[in-house]
Amino acid sequence: MKKAFTYSIYRKAVLALLLMTSLSFSSCFKPKFSEDPATTLPPITTEGKNTFGFNLDGVLWVPAGHTLSLSKILCVDYHGTGLGISIIRDSGNSSNTLQYDGFSFGIQSLTAGGVGTYNMTDPNIYAHTVSLDMWNEQAPSGGVQVQYATVSGSVTISRFDAAANVVSGTFAMDVKNLSTGVIRHITDGRFDVQLNYCQ
């Protein structure tokens, strides 16, 4: 019972982090990603370069931002045993609306050393994506939120180095739209980030 309770709180905390960063207009989050989206996935590295990306149904998904510069935010949360990574992007257009997409996953309790493959069906792990459609610059609260739940997949951590502040790995998963039941496929996922980094 205690484990389930702790897991529930951990999950809610990281989801809250994802949503708060997507709604924050604070200038303290100065993005370091390019204003223009990349045309290819970042290489798989293990140096703490703060890179992230995957293919969603075969379409490139990488950080990018436009007018509001809110989406190029990467947050990595690590507290002893639990790891959470969230990232947000937007796609601005001339009609002054932004489509926001967010992705995050967490591992409640890393194995000894952290390195290894974590199955997404394990209750120790969760992943979700959130998208806010028709995000309006003048009235951002008018966005429509769509959530996805993980159906299957895995995260492989290839490097976990608390001393060097680096965690790197790859992932792939299927997620289901909680409103429509449509399954989407996340493939070729990779991340190379610094622990407790939020930018």
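A residue is called buried when its relative accessible area is under 20%, exposed when the value is over 50%, and partly exposed in between, using a 1.4 Å probe and protein chains only. With that in hand, let us walk through the chain. What you see is a predicted model, in which local features need a pLDDT of at least 70 and side-chain atom pairs count only at pLDDT 80 or more, while totals for chains, interfaces and linings use all residues. Residues are numbered from 1 along each chain as its sequence is written, and side-chain values use heavy atoms, with hydrogens and water left out.

Start with the overall layout. The chain holds 1 helix and 11 strands; these are DSSP runs numbered from the N terminus, with helices being H or I runs of at least four residues and strands being E runs of at least two. Read from the N terminus, the order is α-β-β-β-β-β-β-β-β-β-β-β. Of the 199 residues in the chain, 45% are buried. If we take contacts (heavy atoms within 4.5 Å) with a separation of 6 or more, 63% of them join residues 24 or more positions apart. The accessible surface of the chain is about 9500 Å², and carbon and sulfur atoms contribute 56% of it; such areas come from the Shrake-Rupley method with a 1.4 Å probe, and for residues only the protein chains shown count as cover.

Next, look for a covalent link between side chains. A disulfide is a pair of cysteine sulfur atoms within 2.5 Å, and a search of the whole structure finds 1. Its partners are C75 and C198, whose sulfur atoms lie 2.0 Å apart. This pair ties together distant parts of the chain, since C75 sits in strand β3 (residues 73-79) and C198 in strand β11, 123 residues apart. How covered are the two ends? C75 counts as buried because its relative accessibility is 2%, whereas C198, at 31% relative accessible area, is partly exposed.

Finally, turn to the backbone. Most residues other than glycine have a negative phi. N50 has a positive phi near 60° and lies in the loop between α1 (2-23) and β1 (51-56). With a relative accessibility of 10%, N50 counts as buried. N196 also has a positive phi, near 50°, and belongs to the loop between β10 (183-194) and β11 (197-198). At a relative accessible area of 47%, N196 is partly exposed.
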